[in-house]
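Keep the sequence and the 3D view at hand while reading.

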Amino acid sequence: MERPKIGDEENCVLKGDNSSSIATSGNVIYGSSGGSTTLTSGVIDQPPANGTCATLVKIYGYECQELEVVTDDGYILSVQRIPEGRVGTRGNGDKKRQPVLIQHGVLVDGMTWLQNQPEQNLPTILADQGFDVWISNTRGTKFSSRHASLQPSQQEFWNWSWDELAKFDLPALFDYVYNETRQKIHYVGHSQGTLAAMVALSEGLLVEKIKSAALLSPVAYLKTTRSLLTVICREASIANLFGDSAFDPKTQLLPFLNLGNTLCAASGTNCYELLTPITGPNCCLNGSTYHLFANNQPQPTAMKNVRHFGQAIRNGFLAKYDYGSSEANMQRYGKAKPPVYNLSNIPSDLPLFLSYGLRDGLSDVQDVNLLLDILKPHHDADKLTTQYIKEYAHMDFIFGVNAKDIVYNQSEGFKVCFRE
């Protein structure tokens with residue numbers, strides 16, 4: 001049975017004789033005739049009651065659709081679409097709305113873009129400004145934990161790193177959004193979401209369908225990062241304590257999380273300060289939303305992904321995953337060492353906006369400057385804009401209460417990037 005192209009606008013049709021047995025889950029269709037499986041991307045028929053749309057978007061009067069996008073390697077990704085603003089705030093009139101794809105970082109999911117009131121959340125701000133907004137969720141996170149043939153309990157389910165996010169996840173998402181809208185796509189990434197996009201673009205992926213890219217807390221080179229998370233990534237002896245499948249802080253680090261939450265609640269301080277060793281000291285998070293954040297985050301990722309970050313930290317450059325021996329790398333890549341990513345290959349005429357903060361523990365200023373040293377000589381000067389915010393750390397960019405005024409609305413770079 002032939003698998004339909006990702007993003008195909010037509011309904012999935014199972015071809016075969018009448019003996020095929022079919023089971024459906026939402027809009028994902030499983031055919032069991034002859035051991036073959038057919039999957040199609042699309043709207044979920046029965047969206048989860050605890051999903052992002054139901055709990056964080058529709059309650060404020062926005063239309064929101066829960067969708068699933070299937071990657072070429074079989075992962076089923078959760079996507080939320082906010083096609084327009086609220087009644088009374090719908091920009092653009094009858095004009096066709098420009099699509100924007102928003103991608104979160106590592107150890108969180110798309111819910112982090114919706115921590116505050118709609119007037120402060122990037123997805124709803126953009127929807128109210130007349131954009132067609134799509135929120136993606138990385139493989140392995142709560143609502144993207146399904147696969148065509150694998151279960152999260154299997155080690156093979158977690159056999160991926162940011163190589164695969166760039167090679168499979170983003171292309172599948174771009175294909176689907178483009179096929180639905182027939183327009184080039186603005187992209188907003190945070191943290192790992194910036195890394196996956198830059199790697200994909202450097203490999204010639206996405207370039208025909210992307211209109212611009214806004215990279216918040218850009219992560220590429222990691223030589224000077226100060227985050228506690230990078231210690232886990234960098235030190236193989238520590239990483240090995242967590243096995244070879246998932247790195248899931250909610251289960252593997254539960255006693256520490258519970259202790260931190262208990263001490264924080266007893267002291268009456270802003271519980272977001274618990275994030276400081278990982279993200280740097282965020283300036284502008286609303287402490288009253290911490291309960292919502294702690295209920296949903298952190299999210300799992302693959303230990304292979306953690307180890308790949310560790311390789312980047314130790315090496316000081318970006319390369320594909322190193323399988324640990326010349327023989328294994330030869331089998332995978334045809335050479336003894338993994339290929340190096342060349343970010344200067346990112347199309348020079350693509351509008352890029354990079355925003356970074358002095359206090360960021362993961363996207364360190366020196367590392368961002370190294371990235372800019374790579375990009376600037378090869379990029380059109382009028383297509384590359386940067387913003388440096390002294391007060392900001394890692395999470396301020398996505399749910400800082402003043403991010404709307406400092407980054408989203410007031411930054412000329414962000415406006416240029418989203419100019420139609």
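The sections below cover the chain as a whole, the annotated positions, the nonpolar cores and the aromatic rings.

## The chain as a whole

The model is predicted. Its chain has 420 residues, and buried residues make up 55% of them. The secondary structure comes to 16 helices and 14 strands.

Among contacts between residues at least 6 apart in sequence, 72% join residues at least 24 apart.

## The annotated active site

An unreviewed UniProt entry gives the feature "active site" at S191, D360 and H394. These residues are spread over 204 residues of sequence, yet they cluster in space, with a largest C-alpha distance of 10.7 Å. Of these residues, S191 is included in the lining of the largest cavity.

S191 is found in the loop between strand 9 (185-190) and helix 4 (192-202). Its relative accessibility is 5%, and because buried means under 20%, S191 counts as buried. Leaving aside neighbours within four places in sequence, S191 is in contact with G105, L216, S217, V219 and H394.

D360 is in the loop between strand 13 (352-357) and helix 13 (365-375). With a relative accessible area of 0%, D360 is buried. Again leaving aside neighbours within four places in sequence, the contacts of D360 are S217, R226, T279, Y392, A393, H394 and F397. H394 is therefore among the contacts of S191 and also among those of D360.

In soluble globular proteins, nonpolar side chains tend to be buried together. In this chain the largest nonpolar core has 66 residues, and W162, L318 and L343 have the most contacts inside it. Helix 3 (residues 162-181) supplies the largest share of this core, 9 residues.

Apart from this core lies another core of 42 residues, among them L114, I135, Y272 and L275.

## Aromatic rings

The structure holds 17 aromatic pairs. One of them joins W162 and F309, a tilted pair with 6.2 Å centre to centre and 50° between the planes. This pair links distant parts of the chain: W162 is in helix 3 and F309 in helix 11 (residues 303-315), 147 residues apart. W162 and F309 are both buried.

Y272 and F293 form an edge-to-face pair, with 5.7 Å centre to centre and 65° between the planes. Y272 lies in the loop between helix 8 (254-267) and helix 9 (276-279), and F293 lies in helix 10 (residues 290-296), so the pair ties together parts 21 residues apart in sequence. Both Y272 and F293 are buried.

Ring pairs also link Y75, F157, W158 and W160 into a cluster.

## Charges over rings

Which ring does the charged end of R139 sit over? The ring is that of Y75, and the charged end of R139 is 3.9 Å from its centre. Y75 also belongs to the ring cluster with F157, W158 and W160. In another part of the list of rings, the charged end of K304 sits over the ring of Y321, 5.0 Å from its centre.

Key:
Residues are numbered from 1 along each chain as its sequence is written. This is a predicted model: local features need pLDDT of at least 70, side-chain atom pairs count only at pLDDT 80 or more; totals for chains, interfaces and linings use all residues. Side-chain values use heavy atoms; hydrogens and water are left out. UniProt positions are given in the numbering used here, feature names are shortened, and annotations may be inferred rather than shown by experiment. On a 1 Å grid over the protein atoms alone, a cavity is a set of points where a 1.4 Å probe fits but cannot get out, and a pocket is an open set with protein on both sides within 12 Å along at least five of seven lines; lining residues have an atom within 4 Å of a point. Helices (H or I, at least four residues) and strands (E, at least two) are DSSP runs, numbered from the N terminus. Buried means under 20% relative accessible area, exposed over 50%, partly exposed in between (1.4 Å probe, protein chains only). Contact means heavy atoms within 4.5 Å. A nonpolar core is a set of buried Ala, Val, Leu, Ile, Met, Phe, Trp, Tyr and Cys residues joined through side-chain atoms within 4.5 Å. Rings of Phe, Tyr and Trp (its six-membered ring) pair if their centres lie within 6.5 Å; planes under 30 degrees apart count as stacked, over 60 as edge-to-face and the rest as tilted. A charge sits over a ring if NZ of Lys or CZ of Arg is within 6 Å of the ring centre and within 35 degrees of the ring normal.
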